[in-house]
Amino acid sequence: MIAAIGVVSLAAACSGNSGTTGGATSSGGATGGYPEQNITFVVPFSAGGPTDTVTRMIAEPMAAKLGTKIVVQNVEGAGGTVGAGEVARADPDGYTVLMHHIGMSTAPALYQNLGYKPLESFEMVGLVTEVPMTIVARKDFEPKTLQELVTYVKANANKVTLANAGIGAASHLCGLLFQTAAGVKLQEVPYEGTGPALTDLVGGQVDFMCDQTTNTSGQISAGEVKAYAVTTPERVKSLPDLPTTAEAGLPKLQVSVWHGLYVPKGTPQDVVQKLSEALKTALADQKVIDQMAKLGTAPVPAGDATPQAHRTKLEEQLGTWAKVIADAGVKAS
């Protein structure tokens, strides 16, 4: 279902536009005819979640570069596969763009009737960012360190609750890796989105979860949750006191949530390149850099904001996650 719609534009570039998808004309920025109407960015997750946040950060400078409006549309459901499927079936004209995260590489292993193939149904535009994950718990949870957490959940596996944003969500995948690294099987509590899961965590209804820094940094800094570690090789600048999983005694738990832009297969290559160049412009924007830094992440290097780098990343990740998910024996309905 469509959860929320937002329009991002440069006022000077969009004067006179109606604000409805497909109803606007460009007044500058892009050349060669594209774009001649609004562009829709589909986010296959809830409004206000980590992927939505990243999308809205880059939408404004991309709209300015392209000289049109960008409409951000949230199409939720089935771990991001509903929105991704809609984009795969959209006209390949560059006016429907998908922002997806690591879930693009895990869906084939999770869903038997996916309806699209990541490498065959899309053209890759470029990578956007890699977001670290954090292991957080309700603030009154007994374990004080990551090692204590592992010991505690092993001893109390039948009553500890591990929240996530639904099967296939980044928090679910990180939770799988945690259980594998810790050698334990826990009671998982899936939610329809990261927001509700984190709300219940702050409220003490569930014990702990693994989620992106773009969603947890504020709660960690405010002391609303207990934080154990960040799941990347290096500490996060915005959370300098939070150790890495390796430092905290769980080196096998290493994961970051990478994001990328996609368009339907068959989209003209000159259109793909214009979108890729606009993405590079957005990722070099100081406002975007500063916004991402506050949330514990950063734009990818310019060389990764390209179709080829994006395809290489996706190919590698498809192989990696197929094994992890098969070993865990997880399937989505």
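Two strands are counted as paired if DSSP finds at least two bridges between them, and the close-up views described below are all taken from a predicted model.

**View 1. Strand S4 and its two partner strands, S10 and S2.** Strand S4 (residues 96-100) pairs with strand S10 (residues 256-264) in the antiparallel sense, over three bridges, and within this pairing His 100 stands opposite Gly 260 of S10. Strand S2 (residues 39-43) is likewise joined to S4 by three bridges, but here the two strands run parallel, with Thr 40 standing opposite Thr 96 of S4. Five of the five residues of S4 are buried, so the strand is largely enclosed by the rest of the structure. Thr 96, Leu 98 and His 100 point one way from S4, whereas Val 97 and Met 99 point the other way, and all of these residues are buried.

**View 2. Helix H2 against helix H10.** The axes of helix H2 (residues 50-66) and helix H10 (residues 269-283) come within 8 Å and cross at roughly 125°, which means that H2 is oblique to H10. The crossing in which H2 passes H10 is right-handed. On the H2 side the contact is made by Ile 58, Pro 61, Met 62, Lys 65 and Leu 66, which meet Lys 274, Leu 275, Ala 278, Leu 279, Thr 281, Ala 282 and Leu 283 of H10. Sorted by class, this contact of H2 with H10 has nine nonpolar residues, one polar residue and two charged residues.

**View 3. Helix H2 against helix H11.** Helix H2 also packs with helix H11 (residues 286-294), at an angle of about 170° and with the two axes 9 Å apart; H2 and H11 are therefore roughly antiparallel to each other. Val 54, Met 57, Ile 58, Glu 60 and Pro 61 of H2 meet Lys 287, Val 288, Gln 291 and Met 292 of H11. By class, the contact of H2 with H11 has six nonpolar, one polar and two charged residues.

**View 4. Glu 277 in helix H10.** Glu 277 has its place in helix H10 and is partly exposed, with a relative accessible area of 38%. Thr 306 lies 29 residues from Glu 277 along the chain, and the C-alpha atoms of these two residues are separated by 8.3 Å.

**View 5. The covered helix H3.** Helix H3 (residues 81-88) is mostly covered, six of its eight residues being buried. The buried residues in H3 are Thr 81, Gly 83, Ala 84, Gly 85, Val 87 and Ala 88.

**View 6. Gln 179 in helix H7.** Gln 179 has its place in helix H7 (residues 170-182) and, at 4% relative accessibility, counts as buried. When residues up to four places away in sequence are not counted, Gln 179 touches Leu 162, Val 184, Lys 185, Leu 186 and Glu 188.

**View 7. Thr 161 in strand S6.** Thr 161 lies in strand S6 (residues 161-164) and counts as buried, its relative accessibility being 13%. Leaving aside neighbours within four places in sequence, Thr 161 is in contact with Gln 187, Val 189, Val 206, Asp 207 and Phe 208. Asn 215, 54 residues from Thr 161 along the chain, has its C-alpha atom separated from that of Thr 161 by 19 Å.

Key:
Residues are numbered from 1 along each chain as its sequence is written. This is a predicted model: local features need pLDDT of at least 70, side-chain atom pairs count only at pLDDT 80 or more; totals for chains, interfaces and linings use all residues. Side-chain values use heavy atoms; hydrogens and water are left out. Axes are lines fitted to C-alpha atoms, for helices over the stretch in contact, and angles run from 0 to 180 degrees between N-to-C directions. Helices (H or I, at least four residues) and strands (E, at least two) are DSSP runs, numbered from the N terminus. Angles under 35 degrees count as roughly parallel, over 145 as roughly antiparallel, 65 to 115 as roughly perpendicular and the rest as oblique. A crossing is left-handed if the near helix is turned anticlockwise from the far one by less than a right angle, and right-handed if clockwise. Contact means heavy atoms within 4.5 Å. Ala, Val, Leu, Ile, Met, Phe, Trp, Tyr, Cys and Pro count as nonpolar, Asp, Glu, Lys and Arg as charged, and the others, Gly among them, as polar. Buried means under 20% relative accessible area, exposed over 50%, partly exposed in between (1.4 Å probe, protein chains only).
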